[in-house]
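Me: I would like to learn how to read a protein structure one feature at a time. Could we begin with the sheets and go on from there?

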Amino acid sequence: IKQDGVVDVGRMLEGRSAGVNVQNLSGTFGTSPKITIRGGSSIFGDTKPLWVVDGAVQEEVVNLSFEQLASGDASTLISSAISGLNANDIESIEILKDASALSLYGARALNGAVIITTKSGKRNVKTQLSYQLEESVRMIPNYAQFDLMNSQETMSVYRELEQKGYLDPATYPAAQQGGAYHIMYRNTDTYNPATGRFLLQNSPEARNAFLRKYEYANTDWFKTLFRPSLTQNHTLSLSGGGENTTIYSSLGFFVDPGWTIADRVHRVTGNLKTTYNLSPKVKIGVLTQGSIRTQKAPGTYNRTANTVSGGYDRDFDINPFSYALNTSRALRPYGDDGKYEYYSYNYAPMNILNELANNYMDLNVLEYKIQGDLEIKLAKGLKYNFLGSVRHVKSSNEHSMRENSNVVGAYRANRTT
């Protein structure tokens with residue numbers, strides 16, 4: 001079931017087992033996909049399966065509904081119960097549904113269970129040291145996949161709005177949002193003492209020449225905000241065993257420089273699994289797993305429901321994919337002088353490149369698990385098993401909004417209409 005290049009264990013299930021439906025709600029690392037096994041057991045309730053790793057139930061760090069998983073809120077970054085598990089340490093995955101899952105794990109497995117067994121050492125096998133490297137490249141999205149207006153079509157609509165009086169120079173510069181026309185009106189109203197002139201002459205010829213630059217801009221926001229990043233997953237493992245003991249240990253390092261200029265993920269995983277055969281009838285196993293993840297993501301606020309439109313709104317939404325789809329291609333990231341070009345958003349200057357550098361989240365996740373199991377063969381066909389597991393997860397999320405961000409500028413503007 002292992003898929004090269006797929007780091008998230010939950011996404012490895014996609015298309016690999018009959019009756020298992022996997023929907024990737026977000027491409028961001030750490031977010032859980034929507035998984036249903038042979039149809040949902042509830043219309044409005046939770047239909048997520050139960051995760052079981054080496055016999056112990058793996059609880060989610062935060063319990064989110066499917067609607068919350070699709071929200072894009074910051075809490076979704078830690079929604080996956082198995083984001084700290086190295087896929088290269090997995091020996092097998094078994095999917096249980098209905099009576100088989102209920103009989104083993106009770107009512108919690110009503111929606112099915114995903115049983116994961118990690119690798120173990122083999123008895124009477126020489127110690128083996130192996131190294132595995134997986135590299136994958138993600139391509140940049142392009143506008144050919146979407147039906148959106150180019151900059152010429154956008155400016156023709158703006159021109160029609162101007163002719164109908166909707167972009168009046170007396171009121172439009174004070175609007176909450178403003179693009180090419182806002183920049184033009186700002187320049188015609190800004191006096192430069194060094195030259196003794198306004199930044200833009202207020203004449204039809206000068207205005208038309210100025211707007212022509214935006215008509216031909218046709219900015220590709222996907223190329224501006226995305227990059228064909230190379231992700232790497234390194235795994236160094238040691239396995240072997242003697243007459244009465246077995247051992248498997250691994251050290252993994254995953255690095256993702258980010259599909260967008262605003263993302264970055266580093267994760268280190270460690271695994272140590274030993275088995276001791278004290279006698280032909282008694283066996284003890286000890287498992288220690290841990291992971292450390294540092295992640296950077298664009299700053300975000302929780303979305304809110306819009307009761308008027310029936311949709312959702314999010315203040316200061318700078319998600320790169322959403323921005324590339326919803327921002328006019330007539331806008332430019334850089335001006336004629338090669339510096340950032342700012343338009344108006346929330347009554348404050350806005351440039352997406354500057355905003356992503358000054359409005360971001362730093363996520364840190366520390367996770368470790370210690371597990372022990374005991375097996376005693378009491379008689380032929382009868383044995384006693386005991387398993388105890390302790391798991392600890394500590395996460396912190398720091399949302400930084402620097403002085404030059406649009407968020408701070410909007411609060412400084414202190415305007416609501």
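Me: In what order do the four strands of the open sheet that includes β3 stand, and what kind of pairing do they have?

Reply: Before we look, keep in mind that this is a predicted model. The general idea is that strands of a sheet pair through backbone hydrogen bonds, either parallel or antiparallel. Here the four strands follow the order β4-β3-β6-β5 in an open sheet, and their pairing is mixed. The edges are taken by β4 (56-57) and β5 (90-96), each of which has a single partner strand, so one side of each is left without a neighbour in the sheet.

Me: In which sense do β3 and β6 pair, parallel or antiparallel?

Reply: Strand β3 (residues 50-53) and strand β6 (residues 113-118) pair in the parallel sense, and four bridges link them. To find your place along this pair, look for Val52, which stands opposite Ile115 in β6.

Me: Which strands form the open sheet of three, and how are they paired?

Reply: That open sheet has the order β8-β17-β18, and its pairing is antiparallel. At its edges stand β8 (177-178) and β18 (348-350), and because each has a single partner strand, one side of each has no neighbour in the sheet. Strand β17 (residues 343-345) is joined to β18 by three bridges in the antiparallel sense, and Ser344 is found opposite Pro349 in β18.

Me: Which residues of β1 lie on its covered face, and which on its uncovered one?

Reply: In strand β1 (residues 20-23), the covered face holds Val20 and Val22, whereas Asn21 and Gln23 belong to the uncovered face. The partner to look for is strand β2 (residues 34-37), which runs antiparallel to β1 and is joined to it by four bridges; within this pair, Val20 stands opposite Ile37 in β2.

Me: Let us turn to helices. At what angle do α3 and α5 pack, and how far apart are their axes?

Reply: Helix α3 (residues 151-163) packs with helix α5 (residues 204-215) at an angle of about 140 degrees, and their axes are 8 Å apart. An angle over 145 degrees would count as roughly antiparallel, but α3 and α5 are oblique to each other.

Me: Which residues meet where α3 and α5 come together?

Reply: From α3 come Ser151, Gln152, Met155 and Arg159, and these meet Asn208, Leu211, Tyr214 and Glu215 in α5. The residues of this contact of α3 with α5 divide into three nonpolar, three polar and two charged.

Me: How many salt bridges does the structure hold?

Reply: The idea behind them is that side chains of opposite charge can pair when their charged atoms come close. The structure holds 11 salt bridges, and one of these joins the side chains of Arg138 and Asp256, at 2.7 Å from N to O. Arg138 lies in the loop between β7 (125-137) and α3, while Asp256 lies in strand β12 (residues 245-256), so the pair ties together parts that are 118 residues apart in sequence. Arg138 is partly exposed, with a relative accessible area of 25%, whereas Asp256, at 8%, counts as buried.

Me: Where do Glu162 and Arg159 lie?

Reply: Both are in helix α3, three residues apart, which is about one turn of the helix. Glu162 forms a salt bridge with Arg159, and their closest N and O atoms are 3.4 Å apart. Glu162 counts as partly exposed at 24% relative accessibility, and Arg159 is partly exposed at 30%.

Me: Are Arg332 and Glu341 buried or exposed?

Reply: Arg332 is buried, with a relative accessible area of 13%, and Glu341 also counts as buried, at 12%. These residues form a salt bridge in which the closest N and O atoms are 2.8 Å apart. Through salt bridges that share partners, Lys213, Arg332, Asp336 and Glu341 are joined into one network.

Definitions and conventions: Residues numbered from 1 in each chain as written. Predicted model: local features only at pLDDT ≥ 70, side-chain atom pairs only at ≥ 80, totals over all residues. Heavy atoms only, no water. Axes fitted to C-alpha atoms, helices over the stretch in contact; angles between N-to-C directions. Helix = DSSP H or I, 4+ residues; strand = E, 2+ residues; numbered from the N terminus. Parallel < 35°, antiparallel > 145°, perpendicular 65-115°, else oblique. Contact = heavy atoms within 4.5 Å. Nonpolar A, V, L, I, M, F, W, Y, C, P; charged D, E, K, R; others polar. Pairing = 2+ DSSP bridges. Buried < 20%, exposed > 50% of the residue type's maximum accessible area, 1.4 Å probe, protein only. Salt bridge = Lys/Arg side-chain N within 4 Å of Asp/Glu carboxyl O.
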